[in-house]
Amino acid sequence: MLKCEGLKISFDKGTAHEKTVLQDLSFELQEGDFVTVIGENGSGKSTLLNCLSGTYLTDSGKILLDNEDVTLLPEYKRARKIGRLFQDPLRGTAPHLTVAENLALAYLRAAGHFHPFSRISAKDRQFFAERLKALDMGLETRLDDKVGQLSGGQRQAMTLLMATLVPPKLLLLDEHTAALDPQAEEKVSDLTRKIVEEHHITCLMVTHDMQRALDTGNRTFMMAGGKIIFELNEEEKKTLSVQDLLVRFREASGRNLASDRILLG
Ligand SMILES: Nc1ncnc2c1ncn2[C@@H]1O[C@H](COP(=O)(O)OP(=O)(O)O)[C@@H](O)[C@H]1O
Ligand SMILES: [Mg+2]
């Protein structure tokens with residue numbers, strides 16, 4: 001489904017600040033794999049997602065998505081197959097458009113129609129209302145409200161719905177609940193699990209919450225220094241604790257995990 005071979009990327013090449021951020025990174029995902037990705041700040045998690053989405057092109061290595069070599073494919077050409085959410089809940093929706101208009105745009109985009117729509121049919125509205133109701137955030141009654149009036153949690157739930165209205169081949173989530181208040185974080189995390197599992201979406205989810213990383217999905221990657229230093233399978237995720245993860249980190253890297261917010265999650 002997704003195959004990455006020997007991905008490597010450096011920034012500020014040829015300067016004194018040259019920095020290799022991904023080094024010889026390889027992994028493979030099967031259809032429906034739901035992988036949580038953890039690791040210290042600066043370990044390359046966001047860069048990996050940026051390379052998969054085509055935001056950055058790698059210096060070397062190969063990316064096969066859905067049997068297609070996308071290594072050199074620009075971002076906009078990958079976008080139809082790849083859904084993406086960022087930490088900032090303002091990033092995925094258009095604030096001056098209504099809830100229904102945002103959903104209609106997402107739907108047209110995913111379906112490959114880029115022409116502007118003239119009106120949203122009653123059938124569309126019903127479809128949107130049904131999908132919004134499943135979010136359980138009261139959004140089904142707010143189809144005509146501007147998205148800018150919604151809370152951060154509601155906006156991120158909307159973005160999640162928009163990214164999955166037509167299930168993408170690959171969903172990339174980059175700490176997409178980290179900027180929300182605890183209650184909204186819990187809610188959007190639960191929704192994520194529900195939607196990804198229901199549609200069997202192949203998904204990479206970066207999180208700083210180690211317990212959540214263990215509880216979510218069927219695989220976990222631990223990144224350090226631009227590599228996946230170990231991975232947990234479904235069985236290990238069920239049996240290991242956060243403490244065990246810290247021990248595994250020490251064994252794999254020879255040092256303790258930096259005691260930043262990753263421990264506080
Ligand atoms: N566009 C860029 N230019 C220069 N350095 C970058 C760029 N993107 C990421 N980096 C560097 O790559 C390293 C890894 O960053 P990142 O992938 O964002 O880490 P993480 O998401 O794991 O916290 C950091 O040192 C960061 O400064
Ligand atoms: Mg990051």
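So, the buried residues of helix H9 are Leu-245, Leu-246 and Phe-249, where buried means under 20% relative accessible area with a 1.4 Å probe, protein chains only, and exposed means over 50%. They sit on the same side of H9, because they cover an arc of only 100° around the axis, taken from the directions from the helix axis to the C-beta atoms. Keep in mind that this is a predicted model: local features need pLDDT of at least 70, side-chain atom pairs pLDDT 80 or more, while totals for chains, interfaces and linings use all residues. Residues count from 1 along each chain as written, and side-chain values use heavy atoms, no hydrogens or water.

What covers those buried residues? Strand S3, helix H7, strand S9 and strand S10 are included, with contact meaning heavy atoms within 4.5 Å. Turned away from the buried side, you get exposed Gln-243 and Glu-251. After H9 comes Gly-254, with a positive phi near 80°.

Okay, the largest pocket: about 730 Å³ of space. A pocket here is an open set of points on a 1 Å grid over the protein atoms alone, where a 1.4 Å probe fits, with protein on both sides within 12 Å along at least five of seven lines; lining residues have an atom within 4 Å of a point. There are 24 of those, and closest to the centre are Ala-79, Ile-82, Gly-83, Arg-84 and Arg-109. Helix H2, strand S6, helix H3 and helix H5 each give two or more residues to the lining. By type, the lining has twelve nonpolar, four polar and eight charged residues, with Gly counted as polar.

How values were computed: Chains are lettered from A and ligands numbered from 1 in the order in which they are written. Grid points are joined across faces, edges and corners, and a volume is the space filled by probe spheres set on the points. Helices (H or I, at least four residues) and strands (E, at least two) are DSSP runs, numbered from the N terminus.
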